[in-house]
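Trainee: I have a new model to read. Can we go through it feature by feature?

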Amino acid sequence: MRRDPFMARRAKELRANQNSAEARVWSIEIDGDTHDEEAQLRDAKRTDDIEQAGYRVIRFWNNYVLNDKDGGVAEVILEAVRTSSLPESEKQRLVAEGFF
């Protein structure tokens, strides 16, 4: 999978301007309250664009992230990485570094 320079730049921008929920979960977007219909359509289009680029979108409620005492958010993310198309060598590196 090729890294998209636009997506990488956008991820850096998002990380630089995080809300408190995003600060707990560094590389995923955490949306706020439910959006109106127009915003939901934009979100769906953005999700489709991200997935077309080869990424997987995982959504969590802010409240779940902020109150996640048992590590459920991290487990969902790690399971997504384990089952992803990430090269086996990268998965083994994550195992060696203690992520799995």
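**Reading the features**

Mentor: Start with one residue. Tyr-64 is partly exposed, with a relative accessible area of 36%. Keep in mind that this is a predicted model.

Trainee: Which residue forms an aromatic pair with Tyr-64?

Mentor: Begin with the search. Across the whole structure, it finds 1 aromatic pair. Phe-60 and Tyr-64 make up that pair, and the rings are stacked. Their centres are 6.0 Å apart, with 15° between the planes. Why stacked? Planes under 30 degrees apart count as stacked.

Trainee: Step back. How many helices and strands does the protein have?

Mentor: It has 6 helices and 0 strands. Along the sequence, the pattern reads α-α-α-α-α-α. Of the 100 residues, 22% count as buried. The accessible surface is about 7700 Å², and carbon and sulfur atoms hold 53% of that. Now take contacts with a separation of 6 or more: residues 24 or more positions apart account for 43% of them.

Trainee: Which residues form the largest nonpolar core?

Mentor: First, the general idea. In soluble globular proteins, nonpolar side chains tend to be buried together. Here, the largest core has 7 residues: Ile-28, Ile-58, Phe-60, Val-65, Val-73, Ile-77 and Ala-80. Helix 5, residues 72-82, gives the largest share of this core, with 3 residues. Ile-58 touches Val-76, Ile-77 and Ala-80, leaving out residues up to four places away in sequence.

Trainee: What do the buried residues of helix 5 pack against?

Mentor: They pack against helix 4, residues 62-66. The buried residues of helix 5 are Gly-72, Val-73, Ile-77, Leu-78 and Ala-80.

Trainee: Now a loop residue. Is Val-57 buried or partly exposed?

Mentor: Val-57 is partly exposed, at 23% relative accessibility. That follows because buried means under 20%. Val-57 sits in the loop between helix 3 (37-52) and helix 4. Neighbours within four places aside, Val-57 contacts Thr-47, Ile-50 and Glu-51. Val-57 and Ala-80 are 23 residues apart in sequence, and 9.6 Å apart C-alpha to C-alpha.

Trainee: On to charges. How many salt bridges does a search of the whole structure find?

Mentor: The idea is simple. Side chains of opposite charge can pair when their charged atoms come close. The search finds 7 salt bridges. One of them joins Arg-46 and Asp-43, at 2.7 Å from N to O. These two are 3 residues apart in helix 3, so about one helical turn separates them. Arg-46 is partly exposed at 32%, whereas Asp-43 is buried at 12%.

Trainee: Which residue forms a salt bridge with Asp-49?

Mentor: Lys-45 does, with the closest N and O atoms 2.8 Å apart. Both lie in helix 3, 4 residues apart, again about one turn. In general, an α-helix has 3.6 residues a turn, so residues three or four places apart point the same way.

Trainee: Which side chain of opposite charge is nearest to Lys-91?

Mentor: Glu-88, at 4.5 Å. Lys-91 is buried yet has no salt bridge. The cut-off explains why: a salt bridge needs the nitrogen within 4 Å of a carboxyl oxygen. Lys-91 lies in helix 6, residues 88-96. Beyond four places in sequence, Lys-91 touches residues including Val-81, Arg-82 and Phe-100.

Terms used: Residues numbered from 1 in each chain as written. Predicted model: local features only at pLDDT ≥ 70, side-chain atom pairs only at ≥ 80, totals over all residues. Heavy atoms only, no water. Core = buried A, V, L, I, M, F, W, Y, C linked by side-chain atoms within 4.5 Å. Buried < 20%, exposed > 50% of the residue type's maximum accessible area, 1.4 Å probe, protein only. Contact = heavy atoms within 4.5 Å. Phe/Tyr/Trp six-rings, centres within 6.5 Å; stacked < 30°, edge-to-face > 60°. Areas by Shrake-Rupley, 256 points an atom, 1.4 Å probe, with all protein chains shown as cover. Lys, Arg positive; Asp, Glu negative; His and termini not counted.
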